[in-house]
Amino acid sequence: MTNIMITGGTSGLGYRTAFILAQDKSNKIILIGKNKQKGKDALIKLKNETDNPNIKFLDADLSSVEETSLLVTKLIGEDLDVLINNAGALFYSRSVNKEGIEKTFALNHLSYFILTNLILKNKIIKNGGRIINVASGAHRGVDLNFDDIEMVSNYNGWKCYKKSKLCNILFTKKLSELTEKNNITVNSLHPGFVKTGFGKNNIGVVRLIVKLLMNMFAITVEEGAKTIIYLATNSEVKNITGKYFYQSKINKPSKFAEDKTSADKLWNYTLTTLNKYKLTF
């Protein structure tokens, strides 16, 4: 049995990925989502659609440092083969989580960092396992400003999202170096511009624009899930780590995403941020 956990797994790209993977009855799927009722509904639907009984749901607000940390305590005893970090959002208006951290940075980067590192620390993922970080081609054209990574000054929702996706790739690059000794691969990917509920947490004109762009240019969730499925299951990539993929092929990310100094700096900055919450990895 292959044990697979998917964050943001109750809708959109995460749900479709779970649906495809659950077709194989030997796969056990753990869905992570914020909304309990939505999670229960997704669980019932997924079991009915796939006839796979080995699916469960755990709720956690991954934009919260505390809730992300507590989620790991619920995972003790699991033996994961694959971790898919997929949860993320775009916030056009600046908002903060329950700990006062800007939400884009908290959800799109810190949740990947906290969840993955605590899973590794508690040996919840097997040696030889795979970690997959859903990033985005949106990372191109921006760099990180470590003096104001949460964009307290001059907040721009789209730029903040782009920077968070750059964080995903830099995180992947650094983590892959640390997990190599345990033969755990870490790769990131761009799924494409996928037609999902992405951006619906915003209101007014922004929401309408996102919806219009999706109707005109977005690919289906089935197409978007292909690279995730490839990285989770294909034997061709079982020994490949630290890479960025698009359309199931290694792709060259931006020059900022390949900068080792930035990867190290982001790692240390994140550790310093989380030290305030007494988190150690």
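1. Let's start with Tyr269, which in this predicted model has a relative accessibility of 23% and so counts as partly exposed. The cut-off behind that label is simple: buried means under 20% relative accessible area, and exposed means over 50%.

2. Which residue does Tyr269 pair with? Its partner is Phe105: the ring centres are 6.3 Å apart and the planes stand at 80°, so this is an edge-to-face pair. Phe105 itself is buried, with a relative accessible area of 3%.

3. The pair is also worth a look along the sequence. Phe105 belongs to helix H4 (residues 103–121) and Tyr269 to helix H8 (residues 260–275), so their contact ties together parts that are 164 residues apart in sequence.

4. Now please turn to Trp158 and Tyr161, an aromatic pair that is stacked, with 5.6 Å from centre to centre and 15° between the planes. Both residues sit in helix H5 (residues 157–179), three residues apart, which is about one turn of the helix.

5. One last item involves a charge and a ring. The charged end of Arg16 sits over the ring of Phe19, at 4.5 Å from the ring centre.

Note on methods:
Residues are numbered from 1 along each chain as its sequence is written. This is a predicted model: local features need pLDDT of at least 70, side-chain atom pairs count only at pLDDT 80 or more; totals for chains, interfaces and linings use all residues. Side-chain values use heavy atoms; hydrogens and water are left out. Rings of Phe, Tyr and Trp (its six-membered ring) pair if their centres lie within 6.5 Å; planes under 30 degrees apart count as stacked, over 60 as edge-to-face and the rest as tilted. Helices (H or I, at least four residues) and strands (E, at least two) are DSSP runs, numbered from the N terminus. Buried means under 20% relative accessible area, exposed over 50%, partly exposed in between (1.4 Å probe, protein chains only). A charge sits over a ring if NZ of Lys or CZ of Arg is within 6 Å of the ring centre and within 35 degrees of the ring normal.
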